Amino acid sequence: MPKKNIPRSKAFTSKMALNCIQLTPDGRQRLNLSFKALDAVPACIQSLCRVDELILSRNLIVSLPDFMLDFVNIQVLDLHSNYLEQIPPTLGLLKNLIVLNLCNNRLTQVPKELGLLQNLQVLYLGLNRLHMLPTAIGNLKELLYIGLSDNKFSSVPKCLAHLQKLQKANLDRNPFPPPPGEEKVEIPRKFHLAHACDLCENCLDNCRTERRKLVEATQIKEQIQSTWHEMK
């Protein structure tokens, strides 16, 4: 059931879906339903299950339907910036997936079946509420990148050590305990995470000014500390 604070979407038709099919530069078919105010995956797109990419980002989707399994050919599934609280285990049956984007949802866990995605190369899980990963994630033998920033991890997931082809794991802004002897840096409440493209020019200028002040203050502090150590 949709959350009370999530507005209902308008009816979405097959004709509207057909108008959203794009051809990528490398000849793949992409069904782009981003920014459609959808609170559910439209049933009418089931007939378009032969597309190579399915983009459902920046909507109001709270759950995924069973017919997602019909999209056996998709190589890219983008569900970022929705209201998903869980991912169905059956998503692990989409064996052709190369890129899976689940960033910026409300996930507290991901199913172990994601470890069945043997062709997956990129997995975005940032900006969720995860505090652990299933051991099976270590079975993603083709994974090159995993995004885990802005979650609730207090330690690096052990399964990452088994990803033989992994080139980068982003664990920024998780509540890791500080190293022994180092004080925890508190981020002031007035700072908020935002993309530059979402800000007006005035706000962007203000952010740049505040950032310069912060950098300068940090540099001055480091200089003072350096001078103090030399005096000692």
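Select C49 to begin: this residue is buried, with a relative accessible area of 19%. Buried here means under 20% relative accessible area, exposed over 50%, and partly exposed in between (1.4 Å probe, protein chains only). The model is predicted, so that local features need pLDDT of at least 70 and side-chain atom pairs count only at pLDDT 80 or more, while totals for chains, interfaces and linings use all residues. Residues are numbered from 1 along each chain as its sequence is written, and side-chain values use heavy atoms, with hydrogens and water left out.

Next, select C20, which counts as buried at 10% relative accessibility. The closest cysteine sulfur to that of C20 belongs to C44, at 9.4 Å, too far for a bond. The structure holds zero disulfides, a disulfide being a pair of cysteine sulfur atoms within 2.5 Å.

N59 is buried at 4% relative accessibility. A polar atom of its side chain lies 2.9 Å from the backbone nitrogen of A37. Beyond its neighbours within four places in sequence, N59 is in contact (heavy atoms within 4.5 Å) with residues including L33, F35, A37, S81 and Y83.

Finally, display the strands (DSSP runs of E, at least two residues, numbered from the N terminus). Eight of them form an open sheet of mixed pairing, in the order β1-β2-β3-β4-β5-β6-β7-β8; two strands pair if DSSP finds at least two bridges between them. Because β1 (21-23) and β8 (168-170) each have a single partner strand, one side of each is left without a neighbour in the sheet. Strand β7 (residues 145-147) runs parallel to β8, joined by three bridges, and Y145 stands opposite K168 in β8.

How values were computed: Helix = DSSP H or I, 4+ residues; strand = E, 2+ residues; numbered from the N terminus. Polar contact = N/O pair within 3.5 Å; in protein donor to acceptor, adjacent residues only side chain to side chain.
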